[in-house]
Amino acid sequence: MRTIRAAAAGAVVMSLALAATACGGGSSTDGEGSNDAPKTLTYWASNQGASIEIDKKVLQPELDKFEKETGIEVKLEVVPWSDLLNRILTATTSGQGPDVLNIGNTWSASLQATGALLPWNEANFAKIGGRDRFVESALGSTGAEGQDPAAVPLYSMAYALYYNKEIFADAGIAKPPATWAELVADGKKIQAKGKQVIGAEGANLSENIHHVFTFAKQHGADFFTKDGKPDFTSDGVVAAVKQYVDLMAKDKAIPVGNAEYAQNQSVSDFAKGKTAMLLWQSASANLKSQGMSDDAYGIAPVPVQSGTPGAGEQVNSMVAGINLAVFKNTDNVDGATKFVKFMTSDAEQKILNTAYSSIPPVAAAQSDAAFNTPATVVLKDTLAKSAAALPQVADESQFETAVGTAVKELFAEAAAGRPVTTESVKARLEKAQQQMPAA
Amino acid sequence: MTTTIERGRPGTRPVKAAPANRRPGRIRRIGLPYLLLLPALVLELLVHLVPMVIGIVMSFKVLTQFYIRDWGSAPWAGLDNYSLSVDFNAPVGEALLHSFFVTVAFTLLSVALCWLIGTAAAIFMQDTFRGRGLLRALFLVPYALPVYAAVITWVFMFQHDNGLVNHVLHDQLGLTDKPSFWLIGDNSFYALLTVSVWKGWPFAFLIVMAGLQNIPRELYEAAALDGAGIWQQIRRITLPSLSPVNQVLVLVLFLWTFNDFNTPYVLFGRAAPEAADLISVHIYQASFVTWNFGAGSAMSVLLLLFLLAVTGVYLAVTSRGRRPADA
Amino acid sequence: MPDLSTTPVARNSPMAPPRSFLWSRWIFLTLLTGFVLLPVYVMVSSSLKPLADVTGQFRWLPSELTIRPYIDIWSTVPLARYFVNSLIVAGAATVCSVVIAVFSAYAVSRYSFRGKRVFTVTVLSTQMFPGILFLLPLFLLYVNIGNATGIALFGSRGGLILTYLTFSLPFSIWMLIGYFDSVPRDLDEAALVDGCGPLGALFRVVVPAAIPGIVAVAVYAFMTAWGEVLFASVMTNETTRTLAVGLQGYSTLNDVYWNQIMAASLVVSVPVVAGFLLLQRYLVAGLTAGAVK
């Protein structure tokens, strides 16, 4: 017995010693930027195109251009969305990551809180041509208010209402709905023709968040108080979430089957003419790849309560998009800055945003003819006039999980035919709020 | 890793060089077993025990997005992460407890079904009949498919609108008055169970089939002479003879099923429906999705303690009356 | 236990099973075959359908047969590279795991020494750790080892091999101990008398006698590494990504290419299933002694 104990003690001591080395070795993460490796950069790009291989085909020629200009070789890795946040988290924790990376712009404040990203102060902005080059709404989603942005905008997107022209004509609908009441009324006509009204991704947490956020704005409510505390159970928020879920539960506009959608099946339903409408961000390239021609659908602003999108309660989209960030501990801080400058240059912005059917967050690039088609004008206007940034709080990711899951569960209840009431919505949101960190 | 292997191998060379007249010294003889264990010990220490110790340390820290970058200097949380996890009146603890019960129910059912199907199939296929080899090959297919491929196929079949399951149950057989949801809501538990059993039972089948071959034929023949029918033979000879196999099999299946992350994650994504909220995904969500690695680690440690207790009790109970298991 | 003392001369043929047994067997095995084959049929048929077929209402037979998915899979994601990565990772993890398990099991089976029980219990208890608990710590450890020694473990196949081999090691050791125990000691003692060293006895006598068990352990180790998703998703990068993670590439921002997922799954599974079936004879014989101990 004594030997067993001795051996066990030995094992524990040894593990502790190894563990201590592991803890102690964290110095690399503290390192500030340097220029130790001025000739190479690692770039993690998010998956923007139809597949990772397509992304590589879009990006590689541009990276080659950059290498030609500066002599800096950029090693590209396109990281699938399913892995991106985990990869960033482990990179942050361990200090082993890329030099430059794409982040979903809603993650900005959360990642900013880690302190791992290079802050874009005036000096850094000056190196890439100044803050003024970017559209104000896009800058609104780059980090917490009052702090230097943690990233710069790269691609911007906004929600729009995509509608199938043929179904609308068949149902005798002259123009796309501008208010939710009109949408529900049009829905009855569409259903009379045996078509589904509007698609949604009921089991996709991010999509749920984007929509209930917009609805909350339209009810004059916010998910967070001014000082950043979660406030999910105010009357406005409850009404907003209920209105969204009621599109399925009460108005029967969203087909029940959509409650389990989480992999963009609603886009494919729309492309195949099963559903008449879709709320989506920059769906054009997507729809085209699924064989829906550009003139088969129209694009209109997302409905608001009053009929005219604008600021405040007339907001009809979140500011969607991708930001470009630099890891603070990069070994090539000058090169990274140059690369950001290159990627946000007018010329590159035109090429990249055209390829991904997004809107350039760089004002000068927006004037290009490519972004003046009827489709992009709607998106551009929305971004400029009636889009709001998701809460820029450090707990955004928890918010997305807690509230997104609550909405998902509400959709599941609606789909099962159970009633969705103000009380049941409030109870779900109450629970979501209690799951938020206390701080 | 390579170095440890090489350390083991050269030991064989002197044997070839001087096969005759070689008397290993006493020290070498005592040291040899330790030397043989060394690679396994070092690797388990490196990949399992050290990270586990780090994980336990993490469970006492405040490890949110504000501190993960330099977690060594993150403030100590004392027992906060634990009290958060076990405060079953607050939502976090309540959700964890719910998830725990779901996992226990799921694990028990899944292990029972895997064992039952595997054993039944093995017994039925003990005697040769035409097509036995083919069937045996077919039955191993679920075990040989990559997890992602297998589970995503089930996702495809469980879809509400276009899935095969609803097509058969609703459209063709008319068993339900409207299509059911399998990937959300309450049915998700059964969906998960189905997939888990589909993937898990061939392993039980293999082990039991192997175990059956160790039962001496004479036992059956003796029983037959005693007038026992085939069903009685199964009850009186086959099942008791399998009990040492079952002791190992059930424990291993239990641990694997309880800790399984791949199946629920591929089936439901990062937010599992409440009815199928398995603890591994729950902890993953707490740590990686909501970035609270301290709380996630605390939950993991609690889970580890539970599994240790279960295993200890299980081994004690099942080994009673038998010679002590040497593992 | 039946009373053996009354056993007369064994009869040549056992009793023919009664009808109830044959009927139950037929029904049970038919249902089970259906259960097992249903998803396999779905995979095969879906992989031969055009995308419109698989995203629409389910149909038993394809509206038209196409081999298009089998061509597209190679360009949608770098499937060949993922496949090679998986083979290297799972293969190397299997070889290492088996070799190490053989050494350990031999020591436990043939020697009595202090700390034997601590060793076996410790190794077994690692099966109880939830993977989530050590994912992040392990990543940190690998990075720090990398910083300290220059051995790149994170993002490399080496790190993944190391991780997976320790996943399968405990059960492998456990099974092999039982297996080696069943090899009569007289055999290796005879070898020792003949002048073999202990390792000579291991490799010339014990290992050949335990080949089925070793094959069983190898198959188990391979399958463990082949399907793992969680660690692979964090510890690999584009060049080292394995199939388990790479297959997710068919579920893109635009659409879920169900037909391609199925086709790719089949393509990568065929070699594994084939190898599996070739080895199954050993596997069946092999699991016996290990599990029985």
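**Before you click**

This is a predicted model, so to speak of local features takes pLDDT of at least 70, side-chain atom pairs count only at pLDDT 80 or more, and totals for chains, interfaces and linings use all residues. Residues are numbered from 1 along each chain as its sequence is written, with chains lettered from A and ligands numbered from 1 in the order in which they are written. For the complex, the predictor gives an ipTM of 0.83 and a pTM of 0.86.

**Stop 1: the two domains of chain A**

Select 31-157 plus 320-388 of chain A for domain 1, then 159-318 plus 395-434 for domain 2; these bounds come from an automatic or database domain assignment. Their C-alpha centres are 28 Å apart. Where they meet, 19 residues of domain 1 of chain A are in contact with 20 residues of domain 2 of chain A (contact: C-beta atoms, placed from the backbone, within 7 Å).

Which element gives the most to the domain 1 side of that contact in chain A? Pick H17(A), with seven residues. Helix H17 spans 374-386, and helix H5 (108-114) and strand E11 (387-388) of chain A also give two or more residues. Helices here are DSSP runs (H or I, at least four residues), strands likewise (E, at least two), numbered from the N terminus. Colour the domain 1 side by class and you get 12 nonpolar, six polar and one charged residue. Ala, Val, Leu, Ile, Met, Phe, Trp, Tyr, Cys and Pro count as nonpolar, Asp, Glu, Lys and Arg as charged, and the others, Gly among them, as polar.

**Stop 2: a helix pair in chain A**

Now show helix H11 (residues 235-249) and helix H19 (residues 422-434) of chain A, which pack at an angle of about 110° with their axes 9 Å apart. Axes are lines fitted to C-alpha atoms, for helices over the stretch in contact, and angles run from 0 to 180 degrees between N-to-C directions. That angle makes H11(A) roughly perpendicular to H19(A) (the term covers 65 to 115 degrees). By class, that is five nonpolar, one polar and two charged residues.

**Stop 3: where B meets C**

Select chains B and C: 105 residues of chain B and 98 residues of chain C take part in the contact. On the chain B side, helix H3 (residues 26-58) gives the most, with 18 residues. That side of chain B has 76 nonpolar, 22 polar and seven charged residues.

**Stop 4: chain C**

Stay on chain C and select domain 1 (16-68) and domain 2 (76-292). Their centres, taken over C-alpha atoms, are separated by 31 Å. Eight residues of domain 1 of chain C touch seven residues of domain 2 of chain C. On the domain 1 side of chain C, H1(C) gives the most, with four residues.

Finally, colour by pLDDT, the predictor's confidence in each residue, from 0 to 100. Chain C has a mean of 81, with 90% of its residues at 70 or more. Over residues 1-13 of chain C, pLDDT stays under 50. Where pLDDT is low, the predicted coordinates should not be read in detail.

Conventions. Contact = placed C-beta atoms within 7 Å. Parallel < 35°, antiparallel > 145°, perpendicular 65-115°, else oblique.
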